[in-house]
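Let us take a walk through this structure together, one part at a time.

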Amino acid sequence: MTSTQTGWGWREVGLGVFLAVLLALVIRLATRVHGFHPESGAISLSLAALPEDALWSWLRMAAAYALSLAFSLVYAYEAAHNAKAEKILIPILDILQSIPVLSFLPVVLLAFIGLFPHSRLGVNLASILLIFTGQVWNMVFSLYHGMITVPQDLQEAADNFQMNRWQRFRLLELPHSMVGLVWNSMMSWAGGWFFLMACEMFALGSRQFRLQGLGSYLQTAANKGQWGAELAGLGMLVLVIVAMDQLIWRPLLAWAEKFKVELIEAPPSHSAVLVFWRRLRLVHWLGTAWAHGLEAVDRSVAAAGRAWRRTRGLGIWDVVRWLFTAAMVIALYHAIQEAVRLVAGLPRGDLAMVGWATLATLGRVLAALAISVIWTVPVGVWIGLDRRWAGRLTPFTQIAASVPATALFPGLVALLLHVSGGLSLAAVILMVLGTQWYILFNVIAGASAIPEDLKEAARLFRLGRRRTWTLLILPAISPYLTTGLITAAGGAWNASIVAEYVSFQGHVYTTFGVGALIAESSVNNNDGLLLLSTVTLALTVVVINRFVWRRLYRRAEQRYRLG
Amino acid sequence: MAGSSEVLVRLLGVTKSYPQLDHDIRILDDITLDIYRGQYVALLGPSGSGKSTLLRIVTGLTRPSYGTVLYRGEPVTGPHPDAAMVFQTFALYPWLTVQQNVEMGLLGKGVPASERSRRAALLIDLIGLDGYENAFPKELSGGMRQRVGFARALAVDPELLCMDEPFSALDFLTAENLRSELIGWWHDGRLPIQAVLMVTHGIEEAVYMADRIIILSKNPARVIADIANPLPYPRNRKAPAFLELTDHIYQIVTGWDRPAATLWTVPEESAKPTLKPLPQGHLSMLSGLLELVRDRGGVDDLYHLGSELFLEVDDLLPVTETAQLFHLAEVQAGDLKLTALGEEFVAGDIGRRKAIIRSQLKDIPLFQLIDRVLRTKANHSMARDFFLDILEENFSPKEAERQLATAINWGRFAELFHYDTDTELLFLEEDEANQSVQA
């Protein structure tokens with residue numbers, strides 16, 4: 001939710017329309033394909049298959065992360081250094097990051113299968129792309145933010161010592177963005193697990209898509225009612241996540257400490273794994289090789305820079321840019337035609353239906369947020385105010401939070417399907433499972449940040465329990481609570497898509513909502529409805545972000561931020 | 001080293017202004033001067049006078065709006081390779097070690113790795129940071145960090161060393177120690193540099209270190225004095241000649257905001273009435289200072305007051321200017337003297353003091369404007385942004401914010417009007433508005 005934009009101008013509206021018509025193009029591409037081979041490779045539930053499944057899932061995640069990192073570096077660098085590009089790139093980012101990515105799942109899946117009809121590559125690429133779209137935006141934002149907030153004196157030092165662009169990037173801009181990048185990479189991986197579980201195995205009507213991996217394993221186990229296998233799968237998932245945390249993220253975070261700009265010496269965060277790595281001879285050797293490599297790159301960049309200055313004026317780039325612009329204009333023209341035709345073919349009744357469906361989903365999202373707030377605020381404040389409990393409980397809550405809600409969903413559906421209104425209830429519970437942690441952790445952070453003297457003053461003046469809450473605790477945690485709510489709302493919208501349309505034991509179950517509409521219309525090749533409901537959903541989320549969450553946040557931030 | 005006749009840097013009519021909607025705000029006005037080889041020059045001016053901007057123009061980090069900088073006769077068009085900078089905030093890269101930070105300056109020049117580490121080692125030795133090569137800036141004290149800053153600047157073998165308030169982020173003792181060491185290196189000829197240009201707001205610092213002191217005015221900055229400092233090194237702060245020069249500069253400096261009347265005749269640029277800037281004086285500091293002066297018999301030397309309160313002239317001036325603005329005290333020949341009103345203010349209780357400030361505020365155009373607007377409006381309230389817009393006609397956006405913050409602060413103290421932070425409205429209570437209509 002970080003953004004430098006505050007206005008909501010024509011540019012944003014224009015870009016929104018542009019993205020919508022592009023979506024129309026993809027939908028056409030996706031649904032023109034017929035006679036594809038469903039991916040129905042059998043998923044083995046034997047325990048021996050688990051490590052391999054985990055490996056496949058992990059590889060998908062790693063591929064998506066590598067793609068995200070590369071994309072973020074290019075996008076953020078361009079946005080931070082090219083004022084013209086920035087005006088377009090940042091609003092696009094702002095829109096894309098608030099769209100629930102899973103609403104594109106059916107469309108993207110079909111499009112990729114269309115591109116690679118006879119191999120598993122298409123489904124794999126689709127799942128990687130979806131994970132990518134789920135985790136890339138916050139990484140781009142943190143990199144962009146890091147690059148544009150480089151302190152002026154450090155920049156002037158770079159100017160004064162005549163550094164070239166490459167040296168500036170590697171010595172100044174990337175290091176300055178590093179802390180944010182590591183944190184956001186961690187968050188992106190957590191988000192990635194959520195999407196991975198949902199998009200490894202997906203049914204559109206009678207068509208089944210399966211990829212070997214943990215997500216498929218969990219869904220298959222739930223489908224067959226094999227609870228032992230389900231638990232073993234969840235255990236494996238937790239194991240992978242905890243191992244990642246201990247072996248990669250903790251050391252990385254400790255390493256990233258050195259990139260903090262504040263020159264105040266804080267007690268260094270210690271990671272035994274990092275120290276172990278640093279002492280390895282191999283690592284030392286690699287470090288030297290890396291330094292030599294950088295030296296070589298420095299030299300060749302300097303040489304290339306000189307050559308570039310000589311040949312500038314040839315204008316190859318101008319030609320490329322013009323060709324690119326022309327291609328974009330043609331594509332846009334076709335896309336607009338397509339979008340108009342699709343929407344024009346829709347019956348009137350569909351429009352109202354999409355509206356009601358969006359409201360139904362909105363109701364579920366709000367219910368999920370309310371439930372989360374009701375239990376997390378008291379518990380979070382209690383944990384946050386009591387240092388001893390905070391220390392003891394943190395590892396447990398972190399492990400619980402690390403399990404992606406979508407991994408639990410198959411089991412949940414199996415339990416609730418036969419209760420009346422079961423799927424609707426399951427959808428809300430899924431949203432709560434997926435979103436409560438954001439709120440809980442933020443409330444804990446807020447409560448533990450309340451200064452001791454304010455608490456003492458409250459005790460001294462005998463404010464009483466109720467007054468202490470209204471005068472001290474609630475105002476103090478409100479900026480944190482708002483941050484948590486914003487993130488949670490985004491997560492809840494995403495969950496709605498997988499939650500409203502479920503295939504279980506060969507049957508499809510749906511509950512009324514915009515997520516179900518999206519899945520159904522893509523199954524029935526109802527392109528117009530698919531486009532309309534996807535755009536409506538995206539628009540609703542963007543508008544709510546703009547006009548509710550961001551305002552709330554700004555107010556809480558100005559009024560109640562302590563210190 | 002009094003300097004040779006060879007000109008290293010020549011500034012010709014350097015002017016810098018920041019464009020506003022309908023007019024520009026001028027920071028530097030027509031600055032022309034020569035810096036000779038072998039000179040240690042101090043640029044002395046109050047904070048916000050644009051002296052740091054001038055330094056950045058000399059190094060090529062910023063371009064002037066008009067005018068030229070010539071370096072050995074060649075115009076400066078971009079960051080100049082022969083002018084190295086030492087920053088007030090050190091500007092060390094926190095993720096690089098001491099060694100890497102010192103080598104940083106050489107990286108941009110494409111110096112090969114072996115040569116880089118040789119030169120860095122040499123300078124680390126010179127500035128006395130042996131043994132800290134692999135430390136990160138975080139692990140060093142402020143003084144040691146600035147030593148790294150010096151080493152980094154010197155490593156590139158500059159001809160001109162530019163220093164932007166290099167000691168003002170350091171504590172008193174550390175700064176003193178580093179000053180005398182730097183002067184020692186300079187006079188021993190151990191530094192590979194031809195001239196030093198140092199920006200400072202400390203008069204003593206300038207007199208202690210430089211052999212030429214250039215004094216700048218404020219709003220916009222012009223050169224109001226160019227003083228040679230022939231005192232022999234090492235300089236003694238207690239020596240009569242030192243004190244005499246310091247006092248002389250104090251007297252020039254206390255006329256900082258009124259150069260037009262005393263030192264220069266400036267043609268009025270437009271007939272449009274302009275708002276004069278309010279000094280950024282805290283009212284509690286004002287009360288404290290006036291009480292102190294009363295206890296000293298109603299008059300005291302400014303330089304004496306400043307050093308006693310550990311305040312640089314920069315921190316003290318806004319307060320004395322506020323006192324002058326409210327006619328509570330006068331400044332004469334470097335002395336601060338209470339007026340009759342000032343005596344009354346000091347003797348009075350908080351209510352009396354508020355009344356005095358309130359009556360004084362009514363003579364200040366900005367407050368007259370606010371008062372008039374609030375009275376004439378039907379609901380007696382007006383958005384803060386309205387006044388901000390008016391102020392931005394006269395000041396840069398940042399300065400306008402500061403001006404309005406000061407105005408709101410004073411207005412609240414004097415109970416001239418109220419301000420609600422949440423709604424961002426300035427307003428009068430109903431009874432106040434009626435009262436004064438009758439009055």
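Which residues point one way from β9(B), and which point the other way? R212(B), I214(B) and L216(B) point one way, I213(B) and I215(B) point the other way, and all are buried.

Before going on, a word about the model: it is predicted, so local features are given only where pLDDT is at least 70 and side-chain atom pairs only at pLDDT 80 or more, while totals for chains, interfaces and linings use all residues. Residues are numbered from 1 along each chain as its sequence is written, and chains are lettered from A and ligands numbered from 1 in the order in which they are written.

Back to β9(B), which covers residues 212-216. Strands here (E, at least two residues) and helices (H or I, at least four) are DSSP runs, numbered from the N terminus. A residue is called buried if 20 or more other C-beta atoms lie within 10 Å of its own, exposed if 12 or fewer do, and partly exposed in between, with C-beta atoms placed from the backbone. Five of the five residues of β9(B) are buried, so the strand is largely enclosed by the rest of the structure.

The strand also has partners; two strands pair if DSSP finds at least two bridges between them. Strand β3 of chain B (residues 40-44) runs parallel to β9(B), joined by four bridges, and V41(B) stands opposite R212(B). Strand β10 of chain B (residues 223-228) pairs with β9(B) in the antiparallel sense, over five bridges. There, I213(B) has I227(B) as its bridge partner. The hairpin of β9(B) and β10(B) has six residues between the strands, and N219(B) takes a positive phi near 50 degrees in this hairpin.

Elsewhere in chain B there is an open sheet of four strands in the order β2-β1-β4-β5, with antiparallel pairing. Its edge strands are β2 (24-36) and β5 (74-75), each pairing on one side only. Nine bridges join β1(B), residues 7-19, to β2(B), and R10(B) stands opposite D34(B) in β2(B).

Two helices of chain B are worth a stop. Helix α1(B), residues 51-59, is mostly covered, with seven of its nine residues buried; among them are K51(B), L54(B) and R56(B). Just after α1(B), G60(B) takes a positive phi of about 85 degrees. Helix α15(B), residues 384-392, holds D389(B). D389(B) counts as exposed because it has 12 C-beta neighbours inside 10 Å. The C-alpha atoms of D389(B) and A400(B) are separated by 8.3 Å, and the two residues are 11 apart along the chain.

Stepping back, chain B is divided into domain 1 (7-82 + 158-253), domain 2 (278-347) and domain 3 (362-439). Such bounds come from an automatic or database domain assignment. The C-alpha centres of domain 2 and domain 3 of chain B lie 26 Å apart.

Now to the other chain. Chain A has 20 helices and four strands, and buried residues make up 40% of its 563 residues. One of the helices, α18(A), covers residues 464-500.

Chain A is divided into domain 1 (55-102 + 131-259) and domain 2 (348-563). Between these domains, 25 residues of domain 1 are in contact with 28 residues of domain 2, where contact puts two C-beta atoms, placed from the backbone, within 7 Å. Helix α9(A) gives the most to the domain 1 side, with six residues.

Finally, the two chains meet: the contact takes 24 residues from chain B and 22 residues from chain A. On the side of chain B, α2(B) gives the most, with three residues.

Terms used
The expected span of a helix is 1.5 Å times one less than its number of residues.
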